[in-house]
Structures are given as C-alpha cells and as structure tokens.
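Student: I am new to this structure and would like to learn how to read it. Could you take me through some of its features, one by one?

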Amino acid sequence: MTKRVAFAIAAALALPAAIAAEPAQTAQNVTVLQCARMVDTAAGKMLGQTTLIIEGKRIKEIKSGAIDPKPYQDAATAAGAAFAFYTVADGTCLPGLIDSHTHLTGETSPTGYTDQFRWNIADYAIRSTVYAKRTLMAGFTTVRNVGDTANESIALRNAINAGIVPGPRIYTAGKAIGTTGGHADPTDGYRQDLAGDPGPKDGIINSVEDAYKAIRQHYKDGVDVIKIMPSGGVLDESSSADNAQMTIEEIKAITSTAHDYGFTVAAHAHGAEAIRRAVLGGVDSIEHGTFMNDEDMKLMKEHGTWYVPTIIAGKYVQEMAAKPGYYPPQVAAKALQVGPIIQATAGKAYKAGVKIAFGTDAAVYPHGQNAKEFQYMVQAGMPPMFVLQAATTHAAELLHKQNELGQIAVGRVADVVAVPGNPLDDITVMQKMDFVMKDGVIYKEGGKPVM
C-alpha cells in the first residue's frame, strides 16, 4: 500500500578551514508523505488526499491534495539533507496511536508463575525490547507503561529514547503501588520464608505516611506517571478481583503528593467501591472498571476522571481460563468472573458520557495485538471515529501531552501511521498496520519493518 517514489541523499560540501572548527549545523531530513486519506482527529472527520511535509522530527506543512515533491527535494539537497517521498496510495494516514495501559516488560504464559523464580531481571529486560518493537510495528508510537517488577521499564524507556533499541515513546510508572497482599504485592502466593514484608520502596504501602514515601521514592527512581492498585485484580494469586484494598485517605495522600510532583495517577480498579474511593481520592484515570456502577459513572463525570476500559484483556483471560492449567485455579476463577462483563461496562460508560481513553493491558495478551481493542470498542457501541480519537486526542490529553501528540498538525511531533482501506468503514483494518513513522523516522513501510 505504501510506495516509496524517490530517495536521495546530498552530502554537505567541505567547509573552509577557518569555519570547520565551528560546530556544524546539521540540516534536518525532509520527508514528503502523500496520503490518499487522512483522519483529522481534532475535528473528528476524514479528509481526502493530503500531503505532509516533515522536517526532522516535526510536521512542517500540511497541504490538501497531491503536490510536486521536487521543490522540497531540491531544497533538501541544497541544504545537505536527506530527502524521501512516500505515497499511501490506497490507505488512510492517522496520528501515531497511543496505548494508555501497557506492561512492556512481561507477557503472561502458563509458566509465568514459575518463571519468576528462574529468570533474572535481565531476562525480562531483554524480552522487553522485543515486546517494544512489536508494539511500535502495530502502530503504537506512544504508550503509558503502568507497572513493572523492578523499574526495568525505566531502563527500556531510556534505551528507546537514546536510539539503542526501537520502540514506542514510553511514559512509565515503574512499580505499581498497592497494599500488603493486594494486587500490587509481588509476593502474593509465595511461601512465608520467601514472601518477606515489602514496603514503600517496593511499592507496598499501609498508611498515609507510607504513601508519601512511595511517591517520593518513585520520583527519585525517575518515573513519569503513578499507578496504584486500590482494588483486587485477576492475575495475582489472591482470592478477590474486586475488593477495595486502599482507604480514601491513602489514595488522597498518593494523589496529592503525586500531583505536587507533576505526576498523573492511574488507578487499577475493578470493583465499584474501589472505583468510588479512587475517584473521590482524586485519581486521574480508572483502569479496567469492570464492575463500575451508575454512581461511579456519575462521579467520574463530575470529577472529569478518565476511563481506560482494556476490553481485550478481559476477553483474553476469559479465553485462557477455559484451558486447563493455563492459570492457577484462583486466577482462572477471577478471569471467568471479569471477562464476560468488561465489554458491556465499557459500552454503558460510553453511553453515560464518561471520558474514555484507549488502553489494552498489553502483556495480559501477546504484545503486538493491541489494535484488536478498536474492534471490541466498536462492538461495545462506540463509533469508529470515537475509538480512533480515544487512541489519539483523548489518550494525549490523559497524558497531558495534547500539545505534542494525538494529532497530525503543523508543529506537532511527526508520528504518522497508515492502514489499508478506511477504518471508518471497517475498523479491523487497524490490525493491518502498513506504515509507521515515529519522530520523523520510518520504522515500517509496505507492511514490513525497515529497521
């Protein structure tokens, strides 16, 4: 679908000796990308043929229709810059997609509960580079990574930012914050001599004072966002998926301190009471929200709280729970409790007017399949344009990056992806990512990785 029409590189002329000692100003690469169609996520409409002129990492111009690329090629050559011209002949260009709920440093499997006793943190870190590339190739140029084991996602973020490995732009929470025995407790299911007593440095709190320390430790560790676990969850080895596991006072201590440090706070919450406490406690988003009730939805609208549904995760755990031995018995039971409900809850929240951002809980299902969530959101009753906005403008606003990400606009970061066909007619084409550009660099063309 994507066709490279021309490519030229012009070398800079040798500088006079008197000037050569001065720092050289490197000309920025120029790319002209001609799209058969383009989604204007800010306006919520599909545009016709559109041409993007990208200089370095940013979008410099947007022109309606096709243009002659030669003047741009000549200017780039004269400046000693690289030039490339691409066409998306029969597909649709969109802003780089944003997944608001990922875990790039792991992936569930039947051996996952025993692997943790055999693998070193380096094993998880190395695998995370593979998961990050799969995510980028699926068109997700930005993710919010909401929980890891030992802050290894911070190292992954830094390696991607340094250009060492390919992957999406990561905003990471490092370790999730929870309570003893709760969904964030990494020692659930361990025998007593191995379990120990994790504390705030490990993300486990049991008081307001612990909450203050945990946030400050996360700031010291270098996280970008905060993730808390005020309710039970599916994949830990405790017995409840939905019980409330934090007090309102603890949540308020977390959010007030986090907001002081410039962090947003995401709250994993399945149960209605946990959702209520989290919203009243001041969190910025509710993740999963399986048993959300009408009161919760009303509160979320009043407080402007975002909702990240993660339908694909619920469907996947339900499917795997039917396979004998895939999960421990107590995990399988919780999966069968949550899975059948989560999609209907998402549809009800949409109808109620709750703000929704796209997120998938990647790692619960195999990385790279993130775009299935679009199909599930449409099946829940959300219009195709809305779900595209959920993964672009909405998710960018949740990240407080709406002036940088989520739109194809002049001056914005040059994150552009393309799919065959028209996603407004068939949302499943989002699972057939053909072209991926992040920060003006092309990572996928014609459906194949280029680096």
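Tutor: Let us begin with a pair of helices: H4 and H5 are oblique to each other, where oblique is what remains once angles under 35 degrees count as roughly parallel, over 145 as roughly antiparallel and 65 to 115 as roughly perpendicular. Before going on, please note that this is a predicted model, in which local features need pLDDT of at least 70, side-chain atom pairs count only at pLDDT 80 or more, and totals for chains, interfaces and linings use all residues. Residues are numbered from 1 along each chain as its sequence is written, and side-chain values use heavy atoms, with hydrogens and water left out.

Student: How is a pair of packed helices described in general, and at what angle do the axes of H4 and H5 cross?

Tutor: Two packed helices are described by the angle between their axes and the distance between the axes. Here helix H4 (residues 121–137) and helix H5 (residues 152–161) have axes that cross at roughly 45 degrees and come within 10 Å. The axes are lines fitted to C-alpha atoms, for helices over the stretch in contact, and angles run from 0 to 180 degrees between N-to-C directions. Helices (H or I, at least four residues) and strands (E, at least two) are DSSP runs, numbered from the N terminus.

Student: Is the crossing of H4 and H5 left-handed or right-handed?

Tutor: The crossing of H4 and H5 is right-handed. That word applies if the near helix is turned clockwise from the far one by less than a right angle, and left-handed if anticlockwise.

Student: Which residues of H4 and H5 meet?

Tutor: From H4 come Ile121, Ser128, Thr129 and Ala132, and they meet Glu152, Leu156 and Ile160 of H5. Contact means heavy atoms within 4.5 Å. Sorted by class, the residues of this contact of H4 with H5 are four nonpolar, two polar and one charged. Ala, Val, Leu, Ile, Met, Phe, Trp, Tyr, Cys and Pro count as nonpolar, Asp, Glu, Lys and Arg as charged, and the others, Gly among them, as polar.

Student: How far apart are the axes of H11 and H14, and at what angle do they pack?

Tutor: Helix H11 (residues 311–321) packs against helix H14 (residues 372–379) at an angle of about 95 degrees, and their axes are 8 Å apart. H11 is therefore roughly perpendicular to H14. Ile311, Ile312 and Lys315 of H11 make the contact with Lys372, Glu373, Tyr376 and Met377 of H14. In this contact of H11 with H14, four residues are nonpolar, none is polar and three are charged.

Student: Now for single residues. Is His101 buried or exposed?

Tutor: His101 counts as buried because its relative accessibility is 1%; buried means under 20% relative accessible area, exposed over 50% and partly exposed in between (1.4 Å probe, protein chains only). His101 is found in strand E7. Leaving aside neighbours within four places in sequence, the contacts of His101 include Glu287, His288, Thr310 and Asp361.

Student: Where does Thr102 lie, and which residue is 6.6 Å from Thr102, C-alpha to C-alpha?

Tutor: Thr102 lies in strand E7 (residues 97–102). The residue is Thr360, which is 258 residues apart from Thr102 in sequence. Thr102 is also buried, at a relative accessible area of 0%.

Student: Which residues does His218 touch, not counting residues up to four places away in sequence?

Tutor: His218 touches Ala173, Lys175, Ile177, Val223 and Ile226. His218 lies in helix H7 (residues 208–221) and counts as buried at 2% relative accessibility.
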